Amino acid sequence: MADYLIKDALIVDGTGGKPFTGSVTLTGGRIDRIIKKNGRSGGAPRAKKTINASGLALSPGFIDIHSHCDWLLPDPNNAEVLAPLMLQGVTTVVTGQCGSSPAPVFRDNTGTLDFVSDVLCDNPISFDNPTLGSFFTALEKNGIAMNMAHFIGHGTLNLTMKGEAYRRRFTPAELVRMAASIDESFDSGAFGLSFGLGYPPGIFSGLEELEWFAGFAGRRKAVVSVHLKSLGAISPAYPFIPGGTPHNLMALREMVDVAKKSGAALQVSHLIFTGKPSWKTADAMIGAIEKESASGLDIAFDAFPYTAGNTAMVALIPSWFFKNFDRNIKSRLMIARFRAMWKIANMIMGFDVYGDTIVLKANYEPFEKYDGMTFSAIAAAEGITTFDAFLLLAEKTKAMTRVLIPGYYDNEGPDGIMTRVLNHPLCRFETDAIITRKGFQNPATYGNFPKILGGISRDMGLMPLEEAVRKMTGASASRLGIKKRGEIREGYYADLVLFDPQKINENPEPNKPALGIKHVFINGGHAVDSGRLDRKKTHGRVLRKNE
């Protein structure tokens, strides 16, 4: 007898094939049988529980290909804090992104990660399990709410080995230790390696260093994901030269060269275009990626369906200022230079980049009352300038205030850059959501995948339902080498979402669960039942590439 029978659903199987009506049985955490309506003969299968799915669509569980949940899964109550993801149908998170991961690390300088954890989680992270193998074992012992496929973070390895001296080159002895840690991580099941090049320490890493790290992924036939050094035509990462090559195109070309020399597959994280001048570079950026793909490079990218995204405010600070942050933050000359750059940036970008940025989590108690407000509004409340409000929070938190930056795309409509990116054959879907109990949340935390299925696929008609599902399930699993997930097939793990295709969408009310999600299964466990999440049980597993 099966554990569950999901009866008479519209099955969207994750392959991109035409949906069909049928029933599915689940036994022992796996998909046992798929019965097409008017297909196989014989009586209806028996099950301990039957779900009447008439009028509902059944798809594989959604894979968030770019997640920061590895900083939350060690939390004993991780099912509670990650509830918004499961309530929108996410069953697998791909973690260790943007160069930041709680493992692997070196115990030498774990204190340097305090500012990272201040941004990415509520509770302090223990680094008692510094190797990836021991970290995985600890997670399995404590229980995790969702499946996790993990990447090795270049940034945290750098910081915990070199400490505050992260701008210097590695010594030969350090490279020996680093190689051993990376090899152990891949042996333990890592799916790839990630770079975060838009902020320290990655922004200071030379191309030779990046090629050396990427070479490990190349030799393992794995993926390198990268937050590019610049996500806009103009950025603090490179000198501004009027009429010169757009910074985002420069950053892309650098990583394409790294991928070619290392042999690694390249996943460009969150392909966005920050600020009006950057919107004009969309054709060049997408065209460059298409050209490399056509020439044989294994390259793809991911994106989310919003024109704003979360990060730490350090992304808004020029590298020359942050390089000697503690000194520069007290230097009248350096502050004056930064202020001048601020004014120029606003003129060039076409909007108040800093003033319109929203503080999601101040990480500074006297300013917690301003969570959810723009820097302009905070400045008005404090009776100071926007620049001084920004600088004050930067000083108090060492630029680790979590913010939501606008202007990533021109609009969310059917003719906008955002939908063009999402609809591209090389695009996979991510949330990139930094989730905490305190503060305001990135809207992707609650509505990312339902918005694509509802607002973009159904309402705009920009991609068929089966293609939208494929990109967030089977295509993502195939991209990373996640086995026996991402498709509805007999023998595959029972990661499934049952939703109302006519109602699914993000909730118009902020910080509220998505609409239309009825049931979610993770490894056959009934995580969401009739729209209600059991926050006490954990059904997830640590996934390993070498299994």
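How many cavities of 30 Å³ or more does the count come to? By the rule used here, the count comes to 4. A cavity is a set of points, on a 1 Å grid over the protein atoms alone, where a 1.4 Å probe fits but cannot get out. Grid points are joined across faces, edges and corners, and a volume is the space filled by probe spheres set on the points. The model is predicted: local features need pLDDT of at least 70, side-chain atom pairs count only at pLDDT 80 or more, and totals for chains, interfaces and linings use all residues. Residues are numbered from 1 along each chain as its sequence is written, and side-chain values use heavy atoms, with hydrogens and water left out.

The largest cavity has a volume of about 90 Å³. Its lining is made of Thr112, Phe115, Leu159, Glu164, Tyr166, Pro200, Pro201, Phe322 and Lys398; lining residues have an atom within 4 Å of a point. By class, 6 of these are nonpolar, 1 is polar and 2 are charged. Here Ala, Val, Leu, Ile, Met, Phe, Trp, Tyr, Cys and Pro count as nonpolar, Asp, Glu, Lys and Arg as charged, and the others, Gly among them, as polar. The second largest cavity has a volume of about 40 Å³. Gly198, Tyr199, Pro200, Ile203, Phe204, Val314, Ile317, Pro318, Ser319 and Phe322 line it. That lining has 8 nonpolar residues, 2 polar and no charged.

The peptide bond between proline 200 and proline 201 is cis, with omega near 0 degrees. Proline 201 sits in the loop between strand S9 (192–196) and helix H7 (207–219). Helices (H or I, at least four residues) and strands (E, at least two) are DSSP runs, numbered from the N terminus. Another cis peptide bond runs from alanine 103 to proline 104, again with omega near 0 degrees. Proline 104 belongs to the loop between strand S7 (90–95) and helix H3 (114–120).

A pocket is an open set of points with protein on both sides within 12 Å along at least five of seven lines. The second largest pocket has a volume of about 320 Å³. It is lined by 17 residues, and Gln441, Pro443, Glu509, Pro510 and Asn511 lie nearest its centre. Strand S14 (358–361) and helix H17 (444–459) each supply at least two residues of the lining. The classes are 9 nonpolar, 5 polar and 3 charged.

Helix H13 covers residues 332–349. Its 18 residues should span 26 Å at 1.5 Å a residue, and its end C-alpha atoms are 25 Å apart, which agrees. The expected span is 1.5 Å times one less than the number of residues. Met334, Ile335, Phe338, Trp342, Ala345, Asn346 and Met349 are the buried residues of H13. They cover an arc of only 115 degrees around the axis, so they fall on the same side of H13. The arc is that of the directions from the helix axis to the C-beta atoms. An α-helix has 3.6 residues a turn, so residues three or four places apart point the same way. Arg332, Leu333, Lys343 and Met347 are exposed on the face of H13 turned away from its buried side. Buried means under 20% relative accessible area, exposed over 50%, and partly exposed in between (1.4 Å probe, protein chains only).

The buried residues of H13 pack against helices H9 (276–279), H11 (319–322), H12 (325–328) and H15 (386–397). Contact means heavy atoms within 4.5 Å. Just after H13, glycine 350 has a positive phi of about 90 degrees.

H15 has 12 residues and reaches 17 Å from its first C-alpha to its last, close to the expected 16 Å. Its buried residues are Thr386, Phe387, Ala389, Phe390, Leu391, Leu393, Ala394 and Thr397. Their cover includes H12, H13, S14 and helix H14 (375–382). Just after H15, lysine 398 takes a positive phi of about 50 degrees.

Histidine 270 has phi near 30 degrees and lies between strand S11 (265–268) and H9. At 3% relative accessibility, histidine 270 is buried. Asparagine 363, in the loop between S14 and H14, has phi near 60 degrees. Asparagine 363 is partly exposed, at 24% relative accessibility.
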